[in-house]
Amino acid sequence: MGLYKKFVCQTRKPEGALGKMMVNGMNSGHAKMADWGISHLPKSEPSKILELGCGGGRNAGELANRFPSARVTAIDYSEVSVAKSKEYNKDLIASGRMSVKQGDVSDLRLPVDTYDIATAFETIYFWPGLEKCFTEVYRVLKPGGVFMIVNESDGMDDTSLKFEKIIDGMKCYTIEQIGAALKAAGFSEVTSDHYDGKPWITVIAVK
Ligand SMILES: C[S@@+](CC[C@H](N)C(=O)[O-])C[C@H]1O[C@@H](n2cnc3c(N)ncnc32)[C@H](O)[C@@H]1O
């Protein structure tokens with residue numbers, strides 16, 4: 001496998017030295033898109049937020065800053081992502097406002113009806129079956145809880161479709177495909193937004 005392919009494949013599950021470089025890059029590279037996504041969350045005072053596929057942890061930190069009464073649980077199945085998230089958020093962890101756990105979104109070892117908000121930035125492309133994973137998210141959200149997906153790809157842009165061919169196990173989705181999987185998993189009130197001039201999308205659903 002060439003170095004370029006090895007590097008871009010780190011987006012799926014960062015590992016080793018290349019994975020460390022990738023999580024650093026994702027923290028800065030996804031910030032603008034993530035903040036645009038976060039601006040869609042309802043003005044509320046959540047007590048528990050779940051950040052799924054947290055990568056380097058920058059977005060988990062931003063959620064904790066924006067919702068000062070919330071405790072954030074960040075999850076990722078990559079050791080490298082978990083380590084970077086812990087380092088990035090060490091003050092929030094020390095103050096008891098965040099925990100970072102290694103785990104797979106397809107089998108969340110978390111209690112039912114627990115979280116007010118769940119978020120997924122730039123990660124559902126790699127999840128092993130949208131409906132199965134969305135059903136897990138549905139299970140752990142409180143009734144009335146909100147699930148927000150934010151993607152750099154609207155499932156139709158040339159750049160992401162090129163990466164889909166390079167990265168094994170990556171799948172880009174349209175808003176319609178995401179909405180259908182959310183409804184099949186039990187969610188209602190699915191709404192979405194498309195960034196003007198870029199293929200960024202935000203999809204929000206309510207349990
Ligand atoms: C492209 S990175 C995005 C990271 C971060 N959300 C961001 O926006 O910068 C995708 C992340 O999702 C994680 N991931 C992918 N599939 C996962 C799964 N099934 N369970 C948990 N984490 C997963 C990867 O390990 C990686 O850290």
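Helices (DSSP runs of H or I, at least four residues) and strands (DSSP runs of E, at least two residues) are numbered from the N terminus. The model on display is predicted, and local features therefore need pLDDT of at least 70, side-chain atom pairs count only at pLDDT 80 or more, and totals for chains, interfaces and linings use all residues. Residues are numbered from 1 along each chain as its sequence is written, and side-chain values use heavy atoms, with hydrogens and water left out.

**Stop 1**

Please select Arg66, which lies in helix α4. Arg66 is partly exposed, with a relative accessible area of 38%; buried means under 20% relative accessible area, exposed means over 50%, and partly exposed lies in between (1.4 Å probe, protein chains only). Residues up to four places away in sequence aside, Arg66 touches Asp35, Ile38 and Ser39, where contact means heavy atoms within 4.5 Å. Select Met170 as well: 104 residues separate Arg66 and Met170 in sequence, and their C-alpha atoms are 30 Å apart in space.

Next, select helix α3, residues 31–38. How many of its 8 residues are buried? The number is 6, and the helix is mostly covered. The buried residues of α3 are Ala31, Met33, Ala34, Trp36, Gly37 and Ile38. Their cover includes the helices α2 (16–29) and α4 (58–66), together with the strands β4 (115–121), β5 (141–151), β6 (188–194) and β7 (201–206).

**Stop 2: the ligand**

Select the ligand and the residues around it. Of the 23 residues around the ligand, His30, Gly53, Asp76, Phe121 and Thr123 come nearest; a residue is near a molecule or strand if one of its heavy atoms lies within 4 Å of it.

- Asp76: an N or O atom of its side chain is 2.6 Å from an oxygen atom of the ligand.
- Asn59: a polar side-chain atom is 3.3 Å from an oxygen atom of the ligand.
- Tyr77: a backbone N or O atom is 3.3 Å from a nitrogen atom of the ligand.

On its own the ligand has 600 Å² of accessible area, and the protein covers 99% of this. Accessible areas come from the Shrake-Rupley method with a 1.4 Å probe, and for residues only the protein chains shown count as cover.

**Stop 3: the nonpolar cores**

In soluble globular proteins, nonpolar side chains tend to be buried together. A nonpolar core is a set of buried Ala, Val, Leu, Ile, Met, Phe, Trp, Tyr and Cys residues joined through side-chain atoms within 4.5 Å. Select Leu52, Trp127, Phe134 and Phe147, which touch the most other members of the largest nonpolar core, a set of 28 residues. At least two residues of this core come from each of β1 (48–52), β4, α7 (130–140), β5, α9 (175–184) and β7. The largest share, 5 residues, is supplied by α7.

Now centre the view on Phe134. Neighbours within four places in sequence aside, the contacts of Phe134 include Ile124, Trp127, Phe147, Ile149 and Ile178. Another core, of 26 residues, lies apart from the largest one and has Ala60, Val72, Val150 and Ile204 among its members.

**Stop 4: the cysteines and Glu164**

A disulfide is a covalent bond between the sulfur atoms of two cysteines. Here a disulfide is counted when a pair of cysteine sulfur atoms lies within 2.5 Å, and the structure holds 0 disulfides. Cys9 is buried, at 16% relative accessibility, and Cys172 is buried with a relative accessible area of 2%.

A polar side-chain atom of Glu164 lies 2.6 Å from the backbone nitrogen of Cys172. Glu164 is partly exposed, at 24% relative accessible area.

**Stop 5: two positive phi angles**

Finally, select Asp113, in the loop between β3 (98–102) and β4. Asp113 has a positive phi of about 50 degrees although it is not a glycine. Glu189, in strand β6, has a positive phi near 45 degrees and is likewise a residue other than glycine. Is Glu189 buried or exposed? Glu189 is exposed, with a relative accessible area of 57%.

Conventions
A polar contact is a pair of N or O atoms within 3.5 Å; within protein, one must be able to donate a hydrogen and the other to accept it, and residues adjacent in sequence count only if both atoms are side-chain atoms.
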